[in-house]
Amino acid sequence: GLKRTPGNPLDGADLSPLFKGGKIDRKTITFFMPHYMGLGTDNEVPSSGTIREGDWKLIKFWQGGYELYNLKTDQAEQNSLAGSMPEKVRSLEKKLMSRLEAQNAFIPELNPDFDPKACEEYRIRRTGKKGK
């Protein structure tokens, strides 16, 4: 029921066929999570953008850093290749950013006033545990 508005294009696809062993008519899939989920919990998920193209998956963390996986050889995503394949990282990041810009996505920026000590104190108050 969501209506398209000028300057705010919709870009979505039904992924349910993938969960049933089928395929979708899309070469590249992007995911965008511009916020943290579960901050201060054991299930904390950092703010990130992800692109999946063929066997490759790149995760770009907005606070810095990347993970790159070849899902054909590493389905469990145990061994990031980001450090050893910087050209692949740059290529996929360029495609990810291009897609997000075309969707007018709000791209998170580092907060120059971020206080890591206050964040860690908050995490400890919420969970009783220090960060990872």
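## A walk from strand to helix

Start by selecting strand β2, residues 48–53: this strand is mostly covered, with 5 of its 6 residues buried. Keep in mind that you are looking at a predicted model.

Now show the neighbours of β2. On one side, β1 (residues 28–33) runs antiparallel to β2, and 6 bridges join the two. Strand β3 (residues 56–61) is also antiparallel to β2, again joined by 6 bridges.

Next, follow the chain from β2 into β3. The hairpin has 2 residues between the strands, and Gly54 takes a positive phi near 60° there.

Most residues other than glycine have a negative phi. Glu77 is not a glycine, yet its phi is positive, about 55°. With a relative accessible area of 25%, Glu77 is partly exposed.

Move on to the loop between α2 and α3, where you will find Asn104. Asn104 also is not a glycine but has a positive phi of about 55°. Its relative accessible area is 46%, so Asn104 counts as partly exposed.

Finish at helix α3, residues 116–127. Its 12 residues reach 16 Å from first C-alpha to last, close to the 16 Å expected at 1.5 Å a residue. Zoom in on the start of α3: a side-chain oxygen of Asp115 comes to within 3.0 Å of the backbone nitrogen of Lys117. After the helix comes Gly128, with a positive phi near 75°.

Methods: Residues are numbered from 1 along each chain as its sequence is written. This is a predicted model: local features need pLDDT of at least 70, side-chain atom pairs count only at pLDDT 80 or more; totals for chains, interfaces and linings use all residues. Side-chain values use heavy atoms; hydrogens and water are left out. Helices (H or I, at least four residues) and strands (E, at least two) are DSSP runs, numbered from the N terminus. The expected span of a helix is 1.5 Å times one less than its number of residues. A polar contact is a pair of N or O atoms within 3.5 Å; within protein, one must be able to donate a hydrogen and the other to accept it, and residues adjacent in sequence count only if both atoms are side-chain atoms. Buried means under 20% relative accessible area, exposed over 50%, partly exposed in between (1.4 Å probe, protein chains only). Two strands pair if DSSP finds at least two bridges between them.
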